[in-house]
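Me: I would like to go through a protein model in short questions, with cut-offs stated. Please begin with the pocket.

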Amino acid sequence: MSTDGFATILRLLDAHGVPYTVLRHAPEGNTERASRTRGHDLHAAAKCLVTEVRTKAGASRFVLAVVEGHRKVDLKALKRLYRRKDASLAPPDLAEEYGGAAVGSIPPFPLHDRLDVVVDVGLLDHEVIYFNAARLDRSVVLNVRDYVFIAGPRIARIASGS
């Protein structure tokens with residue numbers, strides 16, 4: 001994991017030659033408040049949560065679940081997707097280790113080699129997505145097709161709520 005996730009993300013986007021916009025704003029880790037601060041609809045925010053799915057024997061796998069800002073991660077759906085016994089949000093220290101950033105600023109890219117990425121199908125309905133980019137005071141606006149191309153996530157129905 002890079003010690004500067006923000007720079008890592010920008011290098012990744014630049015290496016792929018995709019257009020993006022960096023937004024500077026007051027520090028904010030709450031998706032709803034960050035969306036208001038950035039001036040966009042909550043639905044276009046990429047909410048990123050590190051989750052843990054476990055086998056009956058207790059073996060864990062960490063998954064970055066990415067859903068629309070107004071939705072919640074459906075942990076039962078993740079459990080079924082991975083055919084595991086249990087799924088939960090990762091403890092904050094592990095979320096930060098595997099997510100490569102402070103909780104509230106975890107980006108939708110795998111900054112740790114042991115982190116799977118699963119994106120809810122609903123996020124693909126948007127032309128662009130907004131996300132905190134490993135900093136509470138910096139966000140990126142990115143075309144969703146470019147995001148999927150670069151991140152290579154698994155796509156599934158993993159969100160609940162409306």
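Me: How much space lies in the largest pocket?
Reply: This is a predicted model, in which local features need pLDDT of at least 70, side-chain atom pairs count only at pLDDT 80 or more, and totals for chains, interfaces and linings use all residues. Residues are numbered from 1 along each chain as its sequence is written, and side-chain values use heavy atoms, with hydrogens and water left out. On a 1 Å grid over the protein atoms alone, a pocket is an open set of points where a 1.4 Å probe fits, with protein on both sides within 12 Å along at least five of seven lines. Grid points are joined across faces, edges and corners, and the space filled by probe spheres set on the points comes, for the largest pocket, to about 330 Å³.

Me: Which residues are the closest to the centre of the largest pocket?
Reply: A lining residue has an atom within 4 Å of a point. The largest pocket is lined by 23 residues, and the closest to its centre are Gly29, Cys48, Leu49, Val103 and Gly104.

Me: Which element gives the largest share of that lining?
Reply: Helices (H or I, at least four residues) and strands (E, at least two) are DSSP runs, numbered from the N terminus. At least two lining residues each come from α2 (31–38), β2 (46–54), α4 (92–99) and β7 (128–135). The largest share, 5 residues, is that of β2.

Me: How many residues of the lining are nonpolar?
Reply: Ala, Val, Leu, Ile, Met, Phe, Trp, Tyr, Cys and Pro count as nonpolar, Asp, Glu, Lys and Arg as charged, and the others, Gly among them, as polar. The lining of the largest pocket has 3 charged and 6 polar residues, and its nonpolar residues number 14.

Me: What is the radius of gyration of the protein?
Reply: The C-alpha atoms fill a box of roughly 45 × 35 × 30 Å along the principal axes. The radius is taken over C-alpha atoms, and the globule rule is 2.2 Å times the number of residues to the power 0.38. For 162 residues a compact globule would be near 15 Å, and the protein agrees, with 15 Å.

Me: Is Ile150 buried or exposed?
Reply: Buried means under 20% relative accessible area and exposed over 50%, with partly exposed in between (1.4 Å probe, protein chains only). Ile150 lies in helix α5 (residues 144–151). Its relative accessible area is 13%, so Ile150 is buried.

Me: Which residues beyond four places in sequence are in contact with Ile150?
Reply: Contact means heavy atoms within 4.5 Å. Ile150 and Leu13 are 137 residues apart in sequence and 7.9 Å apart in space, C-alpha to C-alpha. With neighbours within four places left aside, the contacts of Ile150 are Leu12, Leu13, His16, Val18 and Phe109.

Me: Is Arg83 buried or exposed?
Reply: Arg83 sits in the loop between α3 (75–81) and β5 (86–89). Arg83 is not a glycine, although its phi is positive, about 50°. The relative accessibility of Arg83 is 76%, so this residue is exposed.

Me: Is Ala134 buried or exposed?
Reply: Ala134 also has a positive phi, about 65°, and is not a glycine. Ala134 belongs to strand β7. With a relative accessible area of 16%, Ala134 is buried.

Me: What share of the residues of the protein counts as buried?
Reply: The fold has 5 helices and 10 strands. Of its 162 residues, the share that counts as buried is 49%.
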